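Have a look at the sequence and the 3D structure before you read on. Then we'll take a short walk through it, one spot at a time.

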Amino acid sequence: MNIFHFHPDTGEYLGQGIADRDPLDSDRYLIPYNATTEEPPTIGSNKVRVHLDGDWSVQDDYRGTEYWLDGQRFEITEIGEVVPEDAVLTDPGPPVLSLEEQRAVAVLPKPAFCRALKDLGVLPPLEAAAALRGEWPPTFASYTSGMSDDDAAEAEMTWVEATNIHYSHPTLQALALSHAGGDPAQATIILDQIYGITP
């Protein structure tokens, strides 16, 4: 007599076997726990046969399938779980940021920032090298000349302590505006060039 085994927890079909005869009654067969004589149904792809509550059913089986939803990766691990309708099956990669979002998160290590200042002609080469050492470049002096001593000292100390230069930092914004002669649009163009942002 054919018997059909299923998983004790999930009910998933595991395979077919042959029942042993009862040694005490040759007209009877021994049906092990988690087995049935009822033949499971045929199935197609991404389906699994499950024996629960005394009967077979066919359920979705996408276990191992990866999908991405709202920028997050998920993997299906349970029988019956399906890919959500608005999910994608390939990694969409990092989100495309708007121009304002790019500017808000843009950051450069101080060496790369100083090199960009030199390459764009914002600082002469020797001043760029001095800036990298943490010195306050003379070209920046026009920015601090109108400040109180406390504010000027704070700006210079911020520069000395910095290891990464953030596009959105107020000191950098003010320096760019000063270098651009007070023209906000030109200051933005300069910063975009420094950080490699293409409008």
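## The loop between E8 and E9

Let's begin with a glycine. Gly71 is exposed, because its relative accessible area is 65%, and anything over 50% gets that label. You'll find Gly71 in the loop between E8 and E9. One thing to keep in mind from here on: what you're looking at is a predicted model. In this model, the C-alpha atoms of Gly71 and His7 are 35 Å apart in space, and the two residues are 64 apart in sequence.

Asp70 sits in that loop too, between strand E8 (66–69) and strand E9 (72–75). Is Asp70 buried or exposed? With a relative accessible area of 74%, Asp70 is exposed. Its backbone has something to show as well: Asp70 isn't a glycine, yet its phi is positive, at about 55°.

## Another positive phi

Asn34 is another residue with a positive phi, about 65°, and Asn34 is not a glycine either. Where is Asn34 found? Look in the loop between strand E4 (25–30) and strand E5 (35–36). Asn34 has a relative accessible area of 15%, so it counts as buried, the cut-off for that being under 20%.

## Salt bridges

How many salt bridges does the count come to? The total is 10. Arg73 takes part in a salt bridge with Glu66, where the closest N and O atoms are 2.7 Å apart. Arg73 also meets Glu75 in a salt bridge, this time at 3.2 Å from N to O. Glu66 is partly exposed at 34%, and Glu75 is partly exposed at 37%.

Elsewhere, Asp119 and Lys118 form a salt bridge, and their closest N and O atoms are 2.9 Å apart. Asp119 is exposed, with a relative accessible area of 54%, while Lys118 counts as partly exposed at 36%. There's also a network of salt bridges, which links Glu12, Asp61 and Arg63.

## A helix with a buried face

Now find helix H3, which covers residues 125–132. Which residues of H3 are buried? They are Glu127, Ala128, Ala130 and Ala131. Looking down the axis of H3, you'd see these buried residues fall within an arc of 160°, so they line one face of the helix. On the other side of H3, Pro125 and Leu126 are exposed.

Next, turn the model to the acidic side chains. Asp149, Asp150, Asp151, Glu154 and Glu161 form a negative surface patch. Glu161, one of the residues in that patch, belongs to helix H5, which spans residues 149–161. Glu161 counts as exposed because its relative accessibility is 63%, and the cut-off is over 50%.

Leu117 is part of helix H2 (residues 110–119). At 3% relative accessibility, Leu117 counts as buried. Leu117 and Ile190 are 73 residues apart in sequence, and their C-alpha atoms are 9.5 Å apart in space.

Over in helix H7 (residues 184–195) you'll find Ile194. Is Ile194 buried or exposed? Its relative accessibility is 8%, so Ile194 counts as buried.

Technical notes:
Residues are numbered from 1 along each chain as its sequence is written. This is a predicted model: local features need pLDDT of at least 70, side-chain atom pairs count only at pLDDT 80 or more; totals for chains, interfaces and linings use all residues. Side-chain values use heavy atoms; hydrogens and water are left out. Patches are made of residues with over 30% relative accessible area and no salt bridge: like charges are joined within 9 Å, nonpolar side chains (Val, Leu, Ile, Met, Phe, Trp, Tyr) within 5 Å. Accessible areas come from the Shrake-Rupley method with a 1.4 Å probe; for residues, only the protein chains shown count as cover. A salt bridge is a side-chain nitrogen of Lys or Arg within 4 Å of a carboxyl oxygen of Asp or Glu. Lys and Arg count as positive and Asp and Glu as negative; His and the chain ends are not counted. The place of a charge is taken as NZ of Lys, CZ of Arg, CG of Asp or CD of Glu. Helices (H or I, at least four residues) and strands (E, at least two) are DSSP runs, numbered from the N terminus. Buried means under 20% relative accessible area, exposed over 50%, partly exposed in between (1.4 Å probe, protein chains only). The arc is that of the directions from the helix axis to the C-beta atoms.
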